[in-house]
Amino acid sequence: MHIRTSAAVRGESSSGPVTGIARAGALATAVAAAAVAAATVGASPASAEQPAAQPNSAQPAAPAAPVDPAAEYNKAFTMLAGAYGNDSNVGRTVGAVTGAAVGCGVGAVTGGSLTMLVSAGTLTPLGAVGGCIIGAGTFGFFGGAIGGAVTGLPAVAAAWPQAYSELHSNGLVAAPVPAPQS
């Protein structure tokens, strides 16, 4: 089953090189969730040979509604992805802009090599402009990735116990995560 969602719903940015990495991580997470859900659903097959239980006041009441493991795992992963997406945007933007500004300067004085300084006699205006573009792109990319992780990962760490506790309350994971001591 494939459900199409927009990048905004998934908590992803629709631009930038980090999108491919986020999509690959989301795909790996979805595959793992589907495998766990299939193992959970397939672990207890229903047997038609058992007689129907007679209502008895001594028997405990059955659960009101069955839990769909795939939907619960999907809800937990969506909660974590949303927390990351909401909080990483500012860090990604600040990191990319700062990295581009620093990278432009570094690229201009290194002639685009980004490793060694070029003497003023050999540096041409075209080399300085090209170096600025190369430096801004390189440093902007890494600055955006690092900035997004710095601001997004704490949000995921804060949302993780709630998602795990919901999965535990539905019987899909073994033990709850202890709440952080405040």
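How many aromatic pairs does the structure hold? The structure holds two aromatic pairs, where rings of Phe, Tyr and Trp (its six-membered ring) pair if their centres lie within 6.5 Å. One of them joins Phe141 and Phe142 in an edge-to-face arrangement, at 5.0 Å centre to centre and 70 degrees between the planes; planes under 30 degrees apart count as stacked, over 60 as edge-to-face and the rest as tilted.

This is a predicted model, in which local features need pLDDT of at least 70, side-chain atom pairs count only at pLDDT 80 or more, and totals for chains, interfaces and linings use all residues. Residues are numbered from 1 along each chain as its sequence is written, and side-chain values use heavy atoms, with hydrogens and water left out.

Relative accessibility is given below; buried means under 20% relative accessible area, exposed over 50%, and partly exposed in between (1.4 Å probe, protein chains only).

| Residue | Relative accessibility | Class |
|---|---|---|
| Phe141 | 27% | partly exposed |
| Phe142 | 48% | partly exposed |
| Val150 | 55% | exposed |
| Ala159 | 11% | buried |

Val150 is found in helix 4, and Ala159 also has its place in helix 4, residues 125-169. Helices (H or I, at least four residues) are DSSP runs, numbered from the N terminus.

Ala159 counts as buried because its relative accessibility is 11%. Leaving aside neighbours within four places in sequence, Ala159 is in contact with Met79, Leu80 and Ala83, contact meaning heavy atoms within 4.5 Å. Ala159 and Ala76 lie 83 residues apart in sequence, with 9.4 Å between them in space, C-alpha to C-alpha.

Methods: Helix = DSSP H or I, 4+ residues; strand = E, 2+ residues; numbered from the N terminus.
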